[in-house]
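Biologist: I am new to this structure and would like to go through some of the terms used for it. Please show me the sequence and the model.

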Amino acid sequence: MQRLVQPARERLASYSPAVLRSTVPVSHEAWLNGLAHAGFSRHENPLQVEIDELATAVGSGDAKGVRLKSFTLVERAEDISSDLGVLAACVAAAGRVDSLLGELRRLAGAAISSCIGEMSSASLVDAEISLKLEIERLYVDVDGESDEPCRRAFGVDREDAVDANGIFSASRLYGLFYGRYGELLSRVEKIWSSFTDTPPILQNSLAPSWMLVHATQPLTLFRTFLFAREQIQNSFSASPVETAKVLREYKMRIDRSKANHAGAVRIQKALQSSETRAEKAELTLDLYRRLVEGQFRPWVWTLLQLRGRVGARMPELSSLRDLMIADGNRVFVDAAQAILPAARNAAAHEDFVWDDDLEKIHIGEATTSVSELEEAMTRAYEFMCGCECAIVDCRAADDALYAAMDSEDPPLGVPAQNLSMAVNLFGTNGLRVLMHTMDRGIFSVHVESWELDSINPGLQALTVASQLLPKAQRFQVRVGDSKIMAADVDRGPLEKNWRVWRSARVRFNEMPLSTFLPANAAVRLAVEQPMQASRAVAWMALDDALHAFEDVAEERDNSRGMRQKWPRLQAHIELICLALELANEVIGEIDGDAAASQVVLEKIAREVSKPTRQRVQTFLASLLRDMGRRWTELGPVAILPTLDADALE
């Protein structure tokens with residue numbers, strides 16, 4: 001008998017599961033979901049079935065059965081231990097996993113020893129009691145465990161980090177941490193530390209961090225993350241060219257996936273207002289189809305290809321499900337349950353009937369419920385999130401993979417990614433986006449607020465967004481609950497502003513105030529006549545120049561300090577002249593006093609650019625007095641009259 005169980009004993013002794021660091025805060029409900037998925041149930045022995053089957057084989061004298069069932073017991077213990085090591089990434093697992101792993105191993109070993117007479121039944125019962133006590137510890141709340149995971153992870157409420165549709169918005173989170181990105185980075189790196197010592201850069205890791213923290217089924221997501229990462233890394237190491245091709249094909253589907261996601265958001269909004277169970281069932285079925293067909297299916301096929309499957313085209317869902325089960329990997333077998341082929345076909349062909357009595361959908365001879373569809377969607381979504389985390393991690397860890405995946409990008413980039421980056425620009429400039437659209441060449445964002453002290457950051461977001469969105473011909477910003485149109489400008493003025501922005505970026509650590517005069521001028525024309533707008537931008541240019549000279553004047557008694565600051569003054573005045581020139585081009589019709597102010601600034605620019613010995617101080621002083629006089633005559637003005645028509649005091 002000892003000979004029969006020896007292979008199982010050796011395997012049990014050699015198995016040592018990887019245990020992740022406990023740094024991901026998930027909700028208490030998600031933690032319980034993960035435990036149930038891993039096979040745990042409060043007050044129950046997760047190995048009981050396998051122990052009983054082994055005892056039956058021993059009692060019947062079935063030698064082959066003893067060998068098989070002892071192995072089955074060890075495999076079950078390994079699977080549970082492996083899943084527990086993955087769930088250890090949850091903060092709730094801290095201090096609870098190692099001892100439980102030891103008790104699982106102890107019980108499996110005790111069951112084998114007891115069945116062959118090497119250990120008493122009392123010792124087996126003792127091992128089972130010890131295991132149940134450790135399992136009980138998994139269900140005991142720790143301080144803050146039931147808190148909202150978003151606040152524990154990011155320090156903000158969930159409502160503040162989602163858009164008007166309730167969807168996570170990286171742009172809003174950037175806006176909440178405006179000027180404190182070091183703190184945000186530290187929080188994100190802590191989340192990622194469960195899975196890697198070298199997390200991706202913030203702009204790539206932020207959305208996956210949200211996925212990890214808000215997992216509904218953390219075991220599915222975390223396990224898929226590890227599995228997909230291993231497949232990508234192994235495949236690229238063995239066959240970089242073919243792997244890059246497969247991953248590029250997936251990447252190029254992103255635009256279609258985004259369109260699919262937009263449709264899914266519309267369905268979710270319709271679900272919220274659905275009035276009958278039949279209507280909810282139909283919408284849920286349509287949502288299921290979009291999710292599984294449009295997003296889940298491409299990721300499954302990508303991983304199957306990395307594992308050696310070949311095919312001229314992506315298989316249909318029924319065939320894909322068969323391939324996943326045939327593959328045998330636990331991640332695939334589990335994810336295959338998300339595919340309900342009959343439900344998918346019904347949604348595609350509208351071949352279904354709602355049974356109000358049974359509260360189920362009839363699809364031919366088969367039936368399915370709304371709850372079954374929702375469970376399948378959750379499983380599919382968590383699988384996809386795990387895959388997204390994996391590809392982000394792999395790209396960050398391997399420069400060669402990163403380059404290979406991007407080697408055949410369109411010259412202007414991937415549109416869906418560019419749109420996401422354009423929206424994020426508003427967050428990184430301190431504006432919290434509620435909603436955005438890109439439709440018929442118009443890029444529009446709706447922000448919570450746009451304060452006067454963030455006028456230029458907002459114009460900067462518009463300017464840079466124009467370079468990311470080459471197909472957009474008009475750019476709009478609406479503000480607040482009333483959706484005030486604060487900016488509505490064509491591409492042309494933003495292209496002009498881009499010239500100024502590029503010049504400023506290479507010459508200054510901080511953008512001079514005049515950098516965004518062309519964009520400011522374009523915005524003003526919505527509420528001001530050209531003459532008035534030209535006077536306003538001229539005053540702002542003069543105001544910026546006066547402050548530049550005041551900064552240098554602080555060093556009047558320090559010749560060394562004056563020499564150090566003078567080159568910056570020269571560059572500053574040159575930039576003001578360029579910005580004002582382009583702003584006046586945007587306006588077209590220029591007021592006489594505004595034109596004269598431009599001439600004065602150009603004279604000052606020429607004078608300050610001269611070597612010290614050639615500079616005529618009395619002439620420069622005269623120009624500065626003239627500049628101050630014109631500044632007084634032209635202003636003050638409203639900084640952005642579409643937001644606040646009152647002049648700056």
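Biologist: In which hand does H23 pass H24, left-handed or right-handed?

Modeller: The crossing of H23 and H24 is right-handed. A crossing is right-handed if the near helix is turned clockwise from the far one by less than a right angle, and left-handed if anticlockwise. As a caution, this is a predicted model, in which local features need pLDDT of at least 70 and side-chain atom pairs count only at pLDDT 80 or more, while totals for chains, interfaces and linings use all residues. Residues are numbered from 1 along each chain as its sequence is written, and side-chain values use heavy atoms, with hydrogens and water left out.

Biologist: What makes H23 roughly antiparallel to H24?

Modeller: Helix H23 (residues 517-524) and helix H24 (residues 530-553) have axes that come within 10 Å and cross at roughly 150°. Angles over 145 degrees count as roughly antiparallel, under 35 as roughly parallel, 65 to 115 as roughly perpendicular and the rest as oblique. H23 is therefore roughly antiparallel to H24. The axes are lines fitted to C-alpha atoms, for helices over the stretch in contact, and the angles run from 0 to 180 degrees between N-to-C directions. Helices (H or I, at least four residues) and strands (E, at least two) are DSSP runs, numbered from the N terminus.

Biologist: Which residues of H23 and H24 meet?

Modeller: From H23 come Leu 517, Asn 520, Ala 521 and Arg 524, and from H24 Ala 533, Ala 536, Val 537, Met 540 and Ala 541. Contact means heavy atoms within 4.5 Å. These residues divide into seven nonpolar, one polar and one charged. Ala, Val, Leu, Ile, Met, Phe, Trp, Tyr, Cys and Pro count as nonpolar, Asp, Glu, Lys and Arg as charged, and the others, Gly among them, as polar.

Biologist: Why are H24 and H26 called roughly parallel?

Modeller: H24 packs with helix H26 (residues 592-608) at an angle of about 25°, the axes being 9 Å apart. That angle falls under the parallel cut-off, so H24 and H26 are roughly parallel to each other. Their crossing is left-handed. Among the residues in this contact are Ala 541 and Phe 549 of H24 and Leu 601 of H26. By class, the contact has nine nonpolar, two polar and two charged residues.

Biologist: What makes H5 roughly antiparallel to H6?

Modeller: Helix H5 (residues 97-115) and helix H6 (residues 121-138) pack at about 160°, with axes 9 Å apart. This is over the antiparallel cut-off, so H5 is roughly antiparallel to H6. The crossing of H5 and H6 is left-handed. Their contact includes Leu 100 and Leu 107 of H5 with Leu 131 and Ile 135 of H6. Its residues divide into ten nonpolar, four polar and six charged.

Biologist: How many aromatic pairs does the structure hold?

Modeller: There are 13 aromatic pairs. Rings of Phe, Tyr and Trp (its six-membered ring) pair if their centres lie within 6.5 Å; planes under 30 degrees apart count as stacked, over 60 as edge-to-face and the rest as tilted.

Biologist: Why is the pair of Trp 192 and Phe 225 called edge-to-face?

Modeller: The ring centres of Trp 192 and Phe 225 are 5.8 Å apart and the planes stand at 75°, so the pair is edge-to-face. Trp 192 lies in helix H9 (residues 181-192) and Phe 225 in helix H11 (residues 218-238), 33 residues apart. Trp 192 and Phe 225 are both buried. One aromatic cluster is formed by Trp 192, Phe 195, Phe 222 and Phe 225.

Biologist: How do you know that Ala 461 is buried?

Modeller: Buried means under 20% relative accessible area, exposed over 50%, partly exposed in between (1.4 Å probe, protein chains only). Ala 461 has 0% relative accessibility and therefore counts as buried. Ala 461 sits in helix H21 (residues 455-468). Leaving aside neighbours within four places in sequence, Ala 461 is in contact with Leu 425, Phe 426 and Asn 429.

Biologist: Why is Glu 78 called buried?

Modeller: Glu 78 has a relative accessible area of 9%, so Glu 78 is buried. Glu 78 belongs to helix H4 (residues 63-87). Not counting residues up to four places away in sequence, Glu 78 touches Arg 11 and Tyr 15.

Biologist: What makes His 43 count as exposed?

Modeller: His 43 counts as exposed because its relative accessibility is 57%. His 43 is in the loop between helix H2 (28-37) and helix H3 (48-59). Although not a glycine, His 43 has a positive phi of about 70°.
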